[in-house]
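I opened this entry to keep track of what I looked up, one topic at a time.

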Amino acid sequence: MAIKTVGVLGCGLMGSGIAQVSAAAGYKTIVREVEQGFLDRGMGRIQKFLTDGVAKGKVTEEAKNTTLGNLSGTTGFEGLKDCDLIVEAIIENVEEKTKAFAALDALVGADAIFCSNTSSLCITELASKTKRPDRFGGLHFFNPVPLMKLVEVIRGLSTSDDTYQKTFAFAQSLGKEPITAPDKPGFIVNRLLVPYLLDAIRSYEHGLGTIEDIDKGMKLGCGYPMGPFTLLDFVGLDTTYYIANIMFEEYREPAYAPPPLLKRMVLAGRTGRKSGQGFYKY
Ligand code: CAA
């Protein structure tokens, strides 16, 4: 079965990016949000990225129009019934994801593949809650999706070879560079990135240096595009805290334990760029 029509669940930061790159690659793409307001905001984000891209000379007017022409939004599940592949990018909550997949299981064709963009939940567990565990895999994109080249392709215990090959090929068809990651907390990138970010917070708590100097050190000394605190604010402190807790729960290693300051900043609502304050003010 060739993939022609792609569904995306969730039109937040990740979902809108995934829908955009899917539509840009020529797939008829239908993105679903729970409320029209969220959908409008996500579609506006895509529109802005493409318009800015044209202004920067990075996107042609024709590519912008083709992308927007391939894209449509809906607030119901019905509109996704003809999809060959569905990428879920909703809230990181097993129950919510299970509910969404259950609604789709009853609607879409038996051959359709389900993928989750989860950054921390167990693909095998999510697959086990559907009627198609063999046609279920992980496709983990990176923020900002249209700019970041990497996609992690995750095989759950029950993911079939055929599903794995199709999802890998799908990621390539989006112009991404896929890598194969195990179904273990953090996959490959977060397994290495999250302890580094947590260590930066712990080091700061222990007086290693100022936030600005630690950021400057890693940016200019190592050539990273962002220092750890800029990146924490970019990813979201709540997201980092959530992923760290899942990793710590499974591995029980101190490297994954969220430092006290991270918990307190999340409790204070200082979740980073999206809230206007994290380690920096926006
Ligand atoms: N359309 C097309 N191209 C665009 C564009 C647009 N609207 N906006 C920017 N670009 C292009 C720019 O022209 C530029 O291209 P060149 O390199 O060819 O010049 C490139 O994209 C970078 O854009 P900017 O110059 O505007 O911005 P920047 O250089 O400051 O880079 C960034 C921004 C890509 C976000 C960079 O800072 C970066 O890579 N940061 C790290 C991001 C990161 O680590 N993400 C992963 C987070 S972890 C995660 O997502 C997983 C998880 O599970 C938590």
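**The segment after α11**

I began with Gly272, which lies in the segment after α11 (260-267). The model is predicted, and I read everything below with that in mind. Is Gly272 buried or exposed? I found its relative accessibility to be 0%; buried means under 20%, so Gly272 counts as buried. I then checked Gly272 against Ala255: the two are 17 residues apart in sequence, and their C-alpha atoms are 22 Å apart in space.

**Ligand shell**

Next I listed the residues around the ligand. There are 20 of them, and those that come nearest are Phe49, Lys58, His140, Asn143 and Asn190. I sorted the shell by residue class and got 12 nonpolar, 5 polar and 3 charged residues.

Which helices each supply at least two residues of the shell? I noted α2 (36-55), α7 (189-205) and α9 (228-235). By domain, at least three shell residues come from domain 1 (5-181), and at least three from domain 2 (189-271).

I looked up individual atom pairs next. For Phe49, a backbone N or O atom is 2.8 Å from a nitrogen atom of the ligand. For Gly53, I again found a backbone N or O atom facing a ligand nitrogen atom, here at 3.4 Å. His140 uses its side chain: one of its polar atoms lies 3.0 Å from an oxygen atom of the ligand. I then looked up the cover: on its own the ligand has 1100 Å² of accessible area, and the protein covers 63% of that.

**Strand β4**

Last, I went through strand β4, residues 85-88. Which way do its side chains point? Leu85 and Val87 point one way, Ile86 and Glu88 the other way. I wrote down the general rule beside this: in a regular strand the side chains alternate between the two faces of the sheet. All four β4 residues are buried, Glu88 included.

What does β4 pair with? I found strand β1 (residues 5-9), joined to β4 in the parallel sense over 4 bridges. Within that pairing I noted Val6, which stands opposite Leu85 in β4. I also found strand β5 (residues 113-116), which pairs with β4 in the parallel sense, over 4 bridges. There, Cys115 in β5 is the bridge partner of Val87.

Methods
Residues numbered from 1 in each chain as written. Predicted model: local features only at pLDDT ≥ 70, side-chain atom pairs only at ≥ 80, totals over all residues. Heavy atoms only, no water. Near = heavy atom within 4 Å. Polar contact = N/O pair within 3.5 Å; in protein donor to acceptor, adjacent residues only side chain to side chain. Areas by Shrake-Rupley, 256 points an atom, 1.4 Å probe, with all protein chains shown as cover. Nonpolar A, V, L, I, M, F, W, Y, C, P; charged D, E, K, R; others polar. Domains from an automatic or database assignment. Buried < 20%, exposed > 50% of the residue type's maximum accessible area, 1.4 Å probe, protein only. Pairing = 2+ DSSP bridges.
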